[in-house]
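Let's take a friendly walk through a protein model, one region at a time. Keep the picture beside you and turn it as you read.

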Amino acid sequence: MPQVLTDASGNAQRDRQSPSKPVDNIIQLQSVSKTYRNGSQALIDVNLEVKRGDFLFVTGPSGSGKSTFLKLLYGEECASQGEVKVDNDFPAKLRGDRLSLLRRRIGIVFQDYKLIPRRTVTENVSFVLWAQGYTRKEINRRLPAALKMVGLQHKAECFPEELSGGEQQRVSIARAIVGTPPLLLADEPTGNLDPDNSWQVIKILKKLNQIGITVIVTTHDESLIRLSNHPVVQIRNGRLSSVNY
Ligand code: ADP
């Protein structure tokens, strides 16, 4: 299991490899602070390095800055201070097509699934590929693999309202990974699910991590974190630190 280290200022850092072999960090935050326009200080002096292929939990109470942290990674918000680097790009410096290209390399899963109501599972998952200009042949190749990964091949023609919450969340995971991104961000993915469905979702995320996808999950479900056996960082009042469970 990769080690989470804490640097001199109490911030979490990933273990460094020998100087001869540069560390392949997919995420790097250096002295990052975020203050919203209304004066809310969501993040304060956050330093974090996440290696390619890691699985990291981000925990902390509601309002502590977890979603803001993820939003900085996919360029929905920009840091007020400091630098955010994701997959060798700086999201805050990208606009238009270049930001879209970075976002294609980031799968995102939300607590409330965000599925299109009057579209089938197949349509929901393939929509993103259509929008990116994939050919029908390529979509037909990718779709069954994504649905198989989340165990929903048999629900391909169902509408979201015909699925349980757990199944809807699994559709949203299929949609997030159908473009084979190297990075998957999940913002409270189990927040609306019972323990069994929550664990099923985490098992899928673990499986995706095993095939090489870097996974970052925010949650305040400590039992899930304990069961999962992955490194954890905590955000409290905007400050990030490492935690051992
Ligand atoms: P969490 O995901 O841990 O619940 P958030 O990142 O959503 O925390 O919020 C951190 C802090 O930033 C909170 O005080 C919240 O009210 C504030 N905040 C979040 N989004 C905005 C926004 N768009 N405008 C102003 N304040 C915000």
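Predicted model: local features only at pLDDT ≥ 70, side-chain atom pairs only at ≥ 80, totals over all residues.

Residues are numbered from 1 along each chain as its sequence is written, and side-chain values use heavy atoms, with hydrogens and water left out.

Back to that pair. Strand S3 (residues 25–35) and S6 are joined by five bridges in the antiparallel sense; two strands count as paired if DSSP finds at least two bridges between them. Both strands belong to an open sheet of three strands, ordered S4-S3-S6, with antiparallel pairing. At its edges are strand S4 (41–51) and strand S6 (81–86), each pairing on one side only. On average, neighbouring strands of this sheet are turned by 20° against each other, direction ignored. For such angles, axes are lines fitted to C-alpha atoms (for helices, over the stretch in contact), and the angles run from 0 to 180 degrees between N-to-C directions.

There is another sheet to find. This open sheet has six strands in the order S7-S8-S9-S5-S10-S11, and its pairing is mixed. S7 and S11 stand at the edges with a single partner strand each, so one side of each has no neighbour in the sheet. Here, too, neighbouring strands are turned by 20° against each other on average, direction ignored. Look at the S11 end: strand S10 (residues 232–236) and strand S11 (residues 239–243) run antiparallel and are joined by five bridges. Val 232 has Val 243 in S11 as its bridge partner, and Gln 234 is partnered by Ser 241 in S11. The hairpin of S10 and S11 has two residues between the strands, and Asn 237 in this hairpin takes a positive phi near 50°.

Now look for the ligand. Which residues surround the ligand? They are Tyr 36, Asn 38, Ser 40, Ala 42, Pro 61, Ser 62, Gly 63, Ser 64, Gly 65, Lys 66, Ser 67 and Thr 68, where being near means having a heavy atom within 4 Å. By class, this shell has three nonpolar, eight polar and one charged residues. Here Ala, Val, Leu, Ile, Met, Phe, Trp, Tyr, Cys and Pro count as nonpolar, Asp, Glu, Lys and Arg as charged, and the others, Gly among them, as polar. An oxygen atom of the ligand lies 3.1 Å from a polar backbone atom of Ser 64, and an oxygen atom of the ligand is also 3.1 Å from a polar backbone atom of Gly 65. At Thr 68, an N or O atom of the side chain is 2.5 Å from an oxygen atom of the ligand.

Helix H1 (residues 66–73) gives the most to this shell, with three residues. Why is H1 described as largely enclosed by the rest of the structure? Six of its eight residues are buried, so the helix counts as largely enclosed. Buried means under 20% relative accessible area, exposed over 50%, and partly exposed in between (1.4 Å probe, protein chains only). The buried residues of H1 are Lys 66, Thr 68, Phe 69, Leu 70, Leu 72 and Leu 73. Just after H1, Gly 75 takes a positive phi of about 75°.

Finally, visit the loop between H5 and S8, where Thr 180 is found. Thr 180 counts as exposed, at 56% relative accessibility, and its phi is near 45°, a positive value in a residue other than glycine. Most residues other than glycine have a negative phi. Pro 181 is in the loop between helix H5 (165–177) and strand S8 (183–187), and Pro 181 is buried, with a relative accessible area of 4%. Pro 181 and Arg 103 are 78 residues apart in sequence and 8.9 Å apart in space, C-alpha to C-alpha.

How values were computed
Polar contact = N/O pair within 3.5 Å; in protein donor to acceptor, adjacent residues only side chain to side chain. Helix = DSSP H or I, 4+ residues; strand = E, 2+ residues; numbered from the N terminus.
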